[in-house]
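Take a look at the chain below.

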Amino acid sequence: MKYIFGPVPSRRLGMSLGIDMVPYKTCTFDCIYCECGRTTVHEAIRRRHFDSLSLVLDEVLKLTRSGRRIDYITLSGSGEPTLNLQCGEFIREVKSKTDKRVAVLTNGSLLTREDVFKELLAADLVVPSLDSARQSSFERVNRPVKGMSAQEIAEATAEFVKAFEGEVWLEVLLVKGFNDSQDDLAALSDAVMRIAPDQIQVGTVERPGAEDWARPVSSKKLEDFVAGLGPRAAVIGQPNRDFGVSTGRDIAADALALVSRRPCTIEDIESAVSEKRPVIMGKLRELEQAGKITRYSHNGKTFYAARRE
Ligand code: SF4
């Protein structure tokens, strides 16, 4: 089904059944590092993005009863999931009909809205991001829709952490020359302390993204920043390799689904589909010959990505 992805191994969530809440690529931001590419629908208007919520729910229920390991049902997708007006109802239905934990990966921009704030309270885990607490660097890195305020988003996120009974893992991504000045890091550090999430996961640009000039900060800068945030903060590493469980589906379909979400290395694909490398390489060649995927080099690594029409 076009809205459902996985279950696939996630470095933080174990086996995650992903739900694509919005069409490619609908977002309130247009981050310069976005692994999904540039935002094509740049808006803050919430819409009903599922043709039929009950059909999506039926499929999710079927998968949760299939015996396959699912640690989280994760609202995500190639864009901002809370732009889907059916978000709250979807979470409530999943919580009432399954025993699975629900995670929401969000850029946090709509937590300033009362409806989104309340809807996400029903989840088990919320993973918002905050890349800058200064308006100028927020606009340069995240390229939000007009009128969004870094300060208001940080305040709403802090309020959310206070009200929420589940866990909040805050994600921070640093881009060289864009949000990593001393002033940026000091303001960001203050904001993160006020938000006081359960975990703080700090990373930098690792994959090809929307703009090829978005560059990573040094490991030292990441580590120094993390050290100043205390024991709840960590640098996010490479994907967890312990979850190499087959998705039980066609390998070519799995590989295509993976690289449709973000550019992947052969190691990423290997860990997701749990198949021998030569078999995967053969499938990737077929997909490439069929014009469905493309292969290119970035920072010395080979990445596979889906071709977009
Ligand atoms: S990284 Fe996330 S918030 Fe930023 S543009 Fe991509 S989908 Fe939107």
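Which residues in H8 are buried? The model is predicted, and the count here is of relative accessibility. Ile251, Ala252, Asp254 and Ala255 are buried. Further along H8, Ala257, Leu258, Val259 and Ser260 are buried too. H8 runs over residues 251-261, and eight of its 11 residues are buried, so the cut-off matters: buried means under 20% relative accessible area. The helix is mostly covered.

An α-helix has 3.6 residues a turn, so residues three or four places apart point the same way.

What covers the buried residues of H8? The cover includes two helices, H9 (266-273) and H10 (277-289). It also includes strand S1 (4-10), strand S11 (293-298) and strand S12 (301-306).

Now step back to the domains. The chain is divided into domain 1 (4-242) and domain 2 (246-309). Their centres, taken over C-alpha atoms, are separated by 24 Å. How many residues of each domain are in contact with the other? On the side of domain 1 there are 17, and they touch 20 residues of domain 2.

The size of an interface is often given as the accessible area lost when the parts come together. Here domain 1 and domain 2 bury about 1800 Å² between them. Carbon and sulfur atoms carry 50% of that area.

Next come the polar links. Two salt bridges are found across the interface of domain 1 and domain 2. Two residue pairs are in polar contact between the domains, both at pLDDT 80 or more. Within domain 1, S1 gives the most to the side that touches domain 2, with five residues. By class, that side of domain 1 has eight nonpolar, two polar and seven charged residues. As for a named pair in the model, the side chains of Asp268 and Arg207 meet in a salt bridge, at 2.8 Å from N to O.

Last, pick out one residue. Ala150 is found in helix H5, which spans residues 150-163. Why does Ala150 count as buried? Its relative accessibility is 2%, and therefore Ala150 is classed as buried. Which residues is Ala150 in contact with, leaving aside its neighbours within four places in sequence? They are Ser132, Ala133, Arg134, Gln135 and Phe138.

Methods: Residues are numbered from 1 along each chain as its sequence is written. This is a predicted model: local features need pLDDT of at least 70, side-chain atom pairs count only at pLDDT 80 or more; totals for chains, interfaces and linings use all residues. Side-chain values use heavy atoms; hydrogens and water are left out. Buried means under 20% relative accessible area, exposed over 50%, partly exposed in between (1.4 Å probe, protein chains only). Helices (H or I, at least four residues) and strands (E, at least two) are DSSP runs, numbered from the N terminus. Contact means heavy atoms within 4.5 Å. Domain bounds come from an automatic or database domain assignment. Buried area is the accessible area (1.4 Å probe) that two parts lose on being put together, summed over both. A salt bridge is a side-chain nitrogen of Lys or Arg within 4 Å of a carboxyl oxygen of Asp or Glu. A polar contact is a pair of N or O atoms within 3.5 Å; within protein, one must be able to donate a hydrogen and the other to accept it, and residues adjacent in sequence count only if both atoms are side-chain atoms. Ala, Val, Leu, Ile, Met, Phe, Trp, Tyr, Cys and Pro count as nonpolar, Asp, Glu, Lys and Arg as charged, and the others, Gly among them, as polar.
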